[in-house]
Structures are given as C-alpha cells and as structure tokens.
Amino acid sequence: MEKSISLKRVVTLAGAMCAFWIGAGVATGQEILQFFTNSGLKGIIAACIFMTITGVATYFLCGVGQKKKFENPYDVFEYYCGKWIGKFYIWFSIVSVYSSLVVILAGGGATINQYYGIPPYIGTVILALLALGTALLGIEKLIQVLGVIGPFKVLLVLILGAFGIGAIVGSPNILSEGIRRIPTAGFETASSNWAWSGVLYALLCIINIVPFLVSLGATTKSMKEARTGGVVGTVTYTIVIIMLVIAELAYYQSFIGKQVPALAIASHISPVFGMVYTLMIVVAVYSAVVSMLVMVTRKFAVDKTKKFNLIATVLTAVAIMFGGVIPFAKLVNIIYPIMGYLTIAFIILMISKELRMKTKKKDSNVEKERDNKSAIS
C-alpha cells in the first residue's frame, strides 16, 4: 500500500482506459452529441457529473483488482453482488459489451461511408475482419495495440476541441447560436434531462469496462498506483468529452444531417485534418472492437485455442449482420440508455460493500488497539 507510484505505469493504465472508452461513439462525436452536446453548456456540467461517478467506480475497481487479483476478472461481480446477483451481472456485462461492439462497428461503417462513399455494410465487414484477425493473435497483441493507439486518439480529439475553442474566441456569438440551435436540430438524445444524461453515461461506461479495470489493476504494484491510474484515466477522458462538446457547439452547422459529427467538423476545419481524423476513427473502431471481442470470447475460452477462434468468428459474423443493417445513430439511442439504467444496482452494491469493508477494517483496528492497551496495562 505504501509502495512508490510508477508514473509510467499510471500513464499506461490511464491510456489503456481511454483507448478502451474512445471507440466509434466518442471518436465520431455521435455519443457525445446525444449525451452531452444536446444540453448546451449544461452538457459540460453533465460531464463533471460523469467524472465524479466514474472516478469513484474506477478508484474502487482498479483497487480491488490489485488487491484480489482474480483468476477471472468477471469474478468481481460475485465479489460485490453475491453469487446469484453476481452471475446475472456477469452475463449482463457480457451482453452489454457485445452490444457496444455492434454499435462501434456500425459507427465505423458510417464513417467510411460518409468520407469515402463506400456502402456502410462493406466498411463494417472490413473493420470486423481486421479486428477478428488481431483477436485471434491473443491478449498480448491486444495490449500492444492499445498501448500505441490510446495517446493518438486522445491527441486528435483534443486538437478538434482546440479548434472549437479558437472559433468561439474569434466569434463569441457562435457559442450562443450553437446552444440555441442544436436542441432543435432534430438530433437523437439519450435523455430529456441533462443531469440524468451525465449519470446514464457514467453507468454505461462503468459496466462496459468493469472486467478490464480489474485486469488493469492486477498489473500494478500497489493499491495507490492502481487507484491513481484509474482516477487519472477518468479525468483525462472527461477532458476529451468536454473538448468534443465545445467543438460540436462551435461547428454544429457542419454536421446537420450527418451520422458522424466529429468527422464533418474535422473536414470543415481542413480537408487534410478530415483525412487524418477519418483514419483515427477507423483505428478507434478497430482497437475497441478487438478489445471487446477478446473480453467477451475469453469468458468462454482461452485465447489462441480452436474453441476461442470459433467463438470469436461466430460473434464477429453476428456483429456484422446487425452492425451493418441498423443505422448508427439509432443503435446508440436504443442500446446505450438501457445499459445505463441496468447498471445502477451494481454501483449501489459496489459502494455498499466498499463502505462495509472500510467500516470492518476500522473496527478491527480499534479492537487491536484496545487489546494492545489491555496487554500493556
């Protein structure tokens, strides 16, 4: 607990978290538009609500991963919820991660269609097959991929937001116009209440990353290192959200009627930046699909085995079927809020157990101190 923190390990942990979270929904801007930007400046406050809830969850989950070092990261659900409720959440987590995989694939297909004019279904198939190829190489290859891609994703999104800030500084009326016009522009919205949108998004992000956070925490050398990495990752991702909100408010006219808001903004800023940003979205989709595919398949089989390869292939085929047919914006609007609502009970159970464990430890320390004083007297 008292070991020194490795800055490199903390950055790696935070980077891996951001690489996992920044999939098609975030990189395209569609997810952020529905949960935050639709609420104007209140969307930034909602992002802070997200940061608070998610920060607490990552603090606990990375910490318990380091402490327990579960043989199977999905065991954390039974640890917090008990045997039967825990089993429900294990399967709920698997279904939610797989649902997100389908959404992300659809986002990749929509991006390729919007920029290159290739039919969405073809783009979805190409990305799915690339991800499947990497998944079949095993978990070690996945870690290498996330380590390289994470910082690249964050940097490009921050650049997009910086352009948005520059546009607002140059013409302040752009911000007020965006705040007024976006809610009436016909975009899908995750919730009619801006504060609840922040809560829902936190719940969504938490349930998707629970086993991953537990696995990351197990790789750290101390509880403090694990928890610091979790909090830093959450804060970094919140900054990404806020920068995207600013960019969408500043450039809302450029993406009306488009499935991929962030790409429309990047292309509006510069054709070259649009091209680079397109590649980033494709890479984001690829890395997110690989990580989610590996997470789901490893529940049923060890990687690099025939069983693993067969299950991964079947799951990819099903994802292609749904991700290539249903519109991306509609998938985000249907699947994500449902996942968020069902996560509430898990958060309550997790916090309750952590508080009980803390109280039990405190009582134990008080009892030991009392026994020591009795022995001395």
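Colleague: Which residues touch the most other members of the largest nonpolar core?

Modeller: This is a predicted model, in which local features need pLDDT of at least 70 and side-chain atom pairs count only at pLDDT 80 or more, while totals for chains, interfaces and linings use all residues. Residues are numbered from 1 along each chain as its sequence is written, and side-chain values use heavy atoms, with hydrogens and water left out. A nonpolar core is a set of buried Ala, Val, Leu, Ile, Met, Phe, Trp, Tyr and Cys residues joined through side-chain atoms within 4.5 Å, where buried means under 20% relative accessible area with a 1.4 Å probe and protein chains only. The largest such core has 114 residues, and those touching the most other members are Phe36, Tyr80, Tyr201, Tyr237 and Tyr277.

Colleague: With which residues is tyrosine 237 in contact, leaving aside its neighbours within four places in sequence?

Modeller: Tyr237 is itself among the core residues that touch the most other members. Taking contact to mean heavy atoms within 4.5 Å, and setting aside neighbours within four places in sequence, the partners of tyrosine 237 are Cys18, Trp21, Ile22, Val26, Glu31, Phe50, Tyr201 and Cys205.

Colleague: Is lysine 153 buried or exposed?

Modeller: Lysine 153 lies in helix α8, residues 139-170, helices being DSSP runs of H or I with at least four residues, numbered from the N terminus. Beyond its neighbours within four places in sequence, lysine 153 is in contact with Ala19, Ile22, Met280, Ala284 and Ser287. Because its relative accessible area is 0%, lysine 153 counts as buried.

Colleague: How far does the backbone oxygen of alanine 19 lie from a polar atom of the side chain of lysine 153?

Modeller: Alanine 19 is one of the residues in contact with lysine 153 when neighbours within four places in sequence are left aside. The distance from the backbone oxygen of alanine 19 to a polar atom of the lysine 153 side chain is 2.6 Å.

Colleague: Which backbone oxygen does the side chain of threonine 343 reach?

Modeller: Threonine 343 is found in the loop between α15 (328-341) and α16 (344-376), and threonine 343 counts as buried because its relative accessibility is 0%. Apart from neighbours within four places in sequence, threonine 343 is in contact with Phe92, Leu203 and Ile207. At 3.4 Å, its side chain reaches the backbone oxygen of leucine 203.

Colleague: What percentage of the 377 residues in the protein is buried?

Modeller: The secondary structure of the protein comes to 16 helices and 0 strands. Of its 377 residues, the buried share is 53%.

Note on methods
Buried < 20%, exposed > 50% of the residue type's maximum accessible area, 1.4 Å probe, protein only. Helix = DSSP H or I, 4+ residues; strand = E, 2+ residues; numbered from the N terminus. Polar contact = N/O pair within 3.5 Å; in protein donor to acceptor, adjacent residues only side chain to side chain.
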